Amino acid sequence: MKTEPHSDFFDSLADIWVDSRRRIETSDIINRKLLLQTLADKSFWLAPKPRAFYILFAIIFIFGLSYCITFRPGYWPVPALCIFGAADTAWQTEIRDRIRRIDGGLIGMQRNLNLYRRLYIWLSIVMWLIMIPFLWWFGNFFELYSDPATAIACMSLLAAACIVVFIIRTYKTFRALGDLDAFAAELKELQ
């Protein structure tokens, strides 16, 4: 049976079209994976290792609550602070995940970045308002403040440690927010 010459042409054209569709779909999948990996890398500091924090807060909470119930009821600020820490980690993780999923498209991503920035600033202020009396309670509870000089030295040391951790975390967080803003702007231009 003799095939028509134009039939071979259409068969090869169909093969070329199928091959090009497969390449386009493969490149779309690769681009999507790269986009999601880039977002995951750039958003790490918005909620670093939330599972580790949840485990740490749970252990301290269980120990603190047990100690509070069985030995010294005055130890209640430790488990209370763990609840605050877990709630703080939860909102950071939730908004970070929204940013990673690009909920609401690029506009939604930028809205989530702005929401994260505002909440981070306000809750940092709340955290410091809670930490100052907590540090004072901590020193009194463990009798670190036997005299004024010791009280000042202990409070200064504890406050300095908190400030260093806060500065490093805030620097990394705002750097990540800036990188994500720039990344969202680039994606917007590509559209």
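Lysine 49 counts as exposed because its relative accessibility is 55%, where exposed stands for over 50% relative accessible area, buried for under 20% and partly exposed for what lies in between, computed with a 1.4 Å probe on protein chains only. Lysine 49 lies in the loop that joins helix 1 (5-42) to helix 2 (50-70); helices here are DSSP runs of H or I with at least four residues, numbered from the N terminus. Its phi is near 45 degrees, which is a positive value in a residue other than glycine.

The model is predicted, and for this reason local features need pLDDT of at least 70 and side-chain atom pairs count only at pLDDT 80 or more, while totals for chains, interfaces and linings use all residues. Residues are numbered from 1 along each chain as its sequence is written, and side-chain values use heavy atoms, with hydrogens and water left out.

Several residues of helix 3 are buried, among them Pro77, Cys82, Gly85, Trp91 and Ile99. Threonine 89, also found in helix 3, is buried with a relative accessible area of 9%. When residues up to four places away in sequence are not counted, threonine 89 touches Pro50, Phe53, Tyr54 and Phe57, contact being defined by heavy atoms within 4.5 Å.

Just after helix 3, isoleucine 102 takes a positive phi of about 55 degrees, although isoleucine 102 is not a glycine.

Helix 4 covers residues 105-141. At 1.5 Å a residue its 37 residues should span 54 Å, and the end C-alpha atoms are 50 Å apart, which agrees. Asparagine 112 has its place in this helix and counts as buried at 6% relative accessibility. The side chain of asparagine 112 makes a polar contact of 3.4 Å with the side chain of arginine 98; such a contact is a pair of N or O atoms within 3.5 Å, where within protein one must be able to donate a hydrogen and the other to accept it, and residues adjacent in sequence count only if both atoms are side-chain atoms. Leaving aside neighbours within four places in sequence, asparagine 112 is in contact with Ile95, Arg98, Ile99 and Asp103.

The aromatic rings can be followed next. A search of the whole structure finds 17 aromatic pairs, one of which joins phenylalanine 134 and tryptophan 137, with ring centres 5.4 Å apart and planes at 35 degrees, so that this pair is tilted. Rings of Phe, Tyr and Trp (its six-membered ring) pair if their centres lie within 6.5 Å, and planes under 30 degrees apart count as stacked, over 60 as edge-to-face and the rest as tilted. Phenylalanine 134 and tryptophan 137 are three residues apart in helix 4 and therefore separated by about one helical turn; both are buried.

Helix 4 is followed by glutamate 143, whose phi is positive, near 55 degrees. Leucine 144 is found in the loop between helix 4 and helix 5 (148-190) and is partly exposed, with a relative accessible area of 29%. Not counting residues up to four places away in sequence, leucine 144 touches Phe138, Gly139, Thr150, Ala151 and Cys154. The C-alpha atoms of leucine 144 and arginine 51 are separated by 32 Å, and the two residues are 93 residues apart along the chain.

The cysteines remain. A search of the whole structure finds zero disulfides, a disulfide being a pair of cysteine sulfur atoms within 2.5 Å. Cysteine 68 is in no disulfide, and the nearest cysteine sulfur, that of cysteine 82, is 12 Å away; cysteine 68 is buried, with a relative accessible area of 13%. The sulfur of cysteine 162 is 13 Å from the closest cysteine sulfur, in cysteine 154, which is too far for a bond.

Key
Helix = DSSP H or I, 4+ residues; strand = E, 2+ residues; numbered from the N terminus. Expected span 1.5 Å × (residues − 1).
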